[in-house]
Amino acid sequence: APDTIGQYNGTISGATVQGDGVYFDGVNDKVTIPSPVFALPTGSSGNQYTIEFGVVLDATAPSRSPIFSRGDSYQGVTIENSKLRVYRDNSSPVDYANVAFTPNTTEIITITYDYSAGWNYINIYKNGTKIYSDVTGGSFNSWPTAKELVFGNVYTYFFKGKIKFIRFYNRVLTASEMSNNIFVGADKAL
């Protein structure tokens, strides 16, 4: 279960709540949680977080489908040509994993980040199975500032499909917690 729930209220622009999630039409829909929101911890030893989300990508989704971004920037997570990309800054993706997204099927993605002794430990899981791992120097230097979160849109790119939930944790989830979150089911979290 999430560490906190229901703490942030967002504004839906065009997207529609449909049963177990929020549907985005790929044209101009988004959900915005205004600033100030929590800041992702970075820059010092021991900082950790997990981002977990469930998405259903539409069969006709555009080649670039943003899940969420921070403010008016590329910082965030997007699906690009079946690659899951994590943008740590506002330019190019640093971490990405080839992910076969099956259209119209719920996929649960978990990204863990652990900054220890000057190194980033990034792991990406699909439905509980690790599909990507990387260790790099430095940190998410530009992520600590609180900014609004935008779901389903970055610049002129829009998500087409359903975002069932997005959860942020201030720690790395254990394998059993990830597994439990998959089998318990997803509550609406947008």
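A residue counts as partly exposed when its relative accessible area falls between the buried class, under 20%, and the exposed class, over 50%. The model discussed here is a predicted one.

Q: Is Y121 buried, partly exposed or exposed, and which class does its relative accessible area give?
A: Y121 belongs to strand β11, which covers residues 119-126. Its relative accessible area is 36%, and because buried means under 20% and exposed means over 50%, the class of Y121 is partly exposed.

Q: Which class of exposure does N104 have, buried, partly exposed or exposed?
A: N104 is found in the loop between β9 (95-98) and β10 (106-116), and its phi is near 60 degrees, a positive value in a residue other than glycine. Its relative accessible area is 53%, and because the exposed class begins over 50%, N104 is exposed.

Q: What is the phi of N127, a residue other than glycine?
A: N127 is placed in the loop between β11 and β12, the latter spanning 129-137. With a relative accessible area of 35%, N127 is partly exposed. Its phi is positive, with a value near 50 degrees.

Q: Is S69 buried or exposed?
A: S69 lies in strand β6, made of residues 64-70. Leaving aside residues up to four places away in sequence, S69 touches Q75, G76, E148, L149, V150, N153 and V154. Its relative accessibility is 2%, and because the cut-off for the buried class is under 20%, S69 is buried.

Q: Which residue has its backbone oxygen 3.3 Å from a polar atom of the S69 side chain?
A: Among the residues that S69 touches are E148, L149, V150 and N153. The distance of 3.3 Å is within the 3.5 Å limit for a polar contact, and the backbone oxygen in question belongs to N153.

Q: What percentage of the residues in the protein chain is buried?
A: The secondary structure of the chain comes to one helix and 16 strands. Its accessible surface is about 8,500 Å², of which carbon and sulfur atoms hold 51%. Of the 190 residues in the chain, the buried share is 45%.

Terms used:
Residues numbered from 1 in each chain as written. Predicted model: local features only at pLDDT ≥ 70, side-chain atom pairs only at ≥ 80, totals over all residues. Heavy atoms only, no water. Helix = DSSP H or I, 4+ residues; strand = E, 2+ residues; numbered from the N terminus. Buried < 20%, exposed > 50% of the residue type's maximum accessible area, 1.4 Å probe, protein only. Polar contact = N/O pair within 3.5 Å; in protein donor to acceptor, adjacent residues only side chain to side chain. Contact = heavy atoms within 4.5 Å. Areas by Shrake-Rupley, 256 points an atom, 1.4 Å probe, with all protein chains shown as cover.
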